[in-house]
Amino acid sequence: MTPPVERLLASRGLRETDPQVLNGALAAVLDGMEPLAYGDAPGGLPAAEQAVLRAGGLDLEPRPGPDPLAMTAVKYAAIVERSLTSREAGERLGLAGGRVRQLIADRSLYSFLMGSRRLIPEFQFLPDDGLIPNIAVVNRVLNPRLHPVEVFNWLYARNADLFRDEDLDATVSPLDWLKAGYDGSRVALLARRL
């Protein structure tokens, strides 16, 4: 049985979202994606090229199971739907729009472009509207070419280099590390390696 969408979103730090809104965000994400040789990819290749690829050990047959590209597109759509405009971020932080744009320019606030829209992912914010402690230190060293899904996945994945109280088995995600108030420079060091 597949868990309800609401539970899946909440388990990944995303608020409950109306499926129609999420579908609209997904349509916008898909509309912005470059067409790929995907699905029946072998059908688009000449037989000679298919033979070369198969001779090199590549399996061109589709495999059953979840589609990783579709799962990434859905996650991206959820991030887009949950992102804020500069004005909305300013309201949550109690800052003027110009100050928010300055935080974006110096990369203290992570943002990305979708088409002509500048979006600020909500995963940087605490529930009480402040920013996660030391998130700016991490944001400044993130490679600006990283895709928002890469940033999201890295922030939420347990990291073997981040463990609580010298307990090597008590690993936490970079985001949980920062929320707990631990040293942001340790996470920034890891972020530089992405």
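I worked on a predicted model, where local features need pLDDT of at least 70, side-chain atom pairs count only at pLDDT 80 or more, and totals for chains, interfaces and linings use all residues. Numbering runs from 1 along each chain as its sequence is written, and side-chain values use heavy atoms, with hydrogens and water left out.

**Ser108.** I found Ser108 in the loop between helix H6 (97-105) and strand S1 (112-114). Helices (H or I, at least four residues) and strands (E, at least two) are DSSP runs, numbered from the N terminus. Ser108 is buried at 5% relative accessible area. Buried is under 20%, exposed over 50%, partly exposed in between (1.4 Å probe, protein chains only). I then looked up its contacts (heavy atoms within 4.5 Å). Beyond four places in sequence, Ser108 touches Leu103, Ile135, Ala136, Asn139 and Arg140.

**Leu95.** Leu95 sits in the loop between helix H5 (86-93) and H6. Leu95 is partly exposed, at 31%. Leaving out residues up to four places away, Leu95 touches Gly90, Val100 and Leu103.

**Cores.** I took a nonpolar core as buried Ala, Val, Leu, Ile, Met, Phe, Trp, Tyr and Cys residues joined through side-chain atoms within 4.5 Å. The largest has 26 residues; among those with the most contacts inside it are Phe112, Phe123 and Trp154. Helices H4 (68-82) and H7 (135-141) are among the elements that each supply at least two residues of this core. H8 gives the largest share, five residues. A second, separate core of eight residues includes Val100, Ile104, Leu109 and Ile120.
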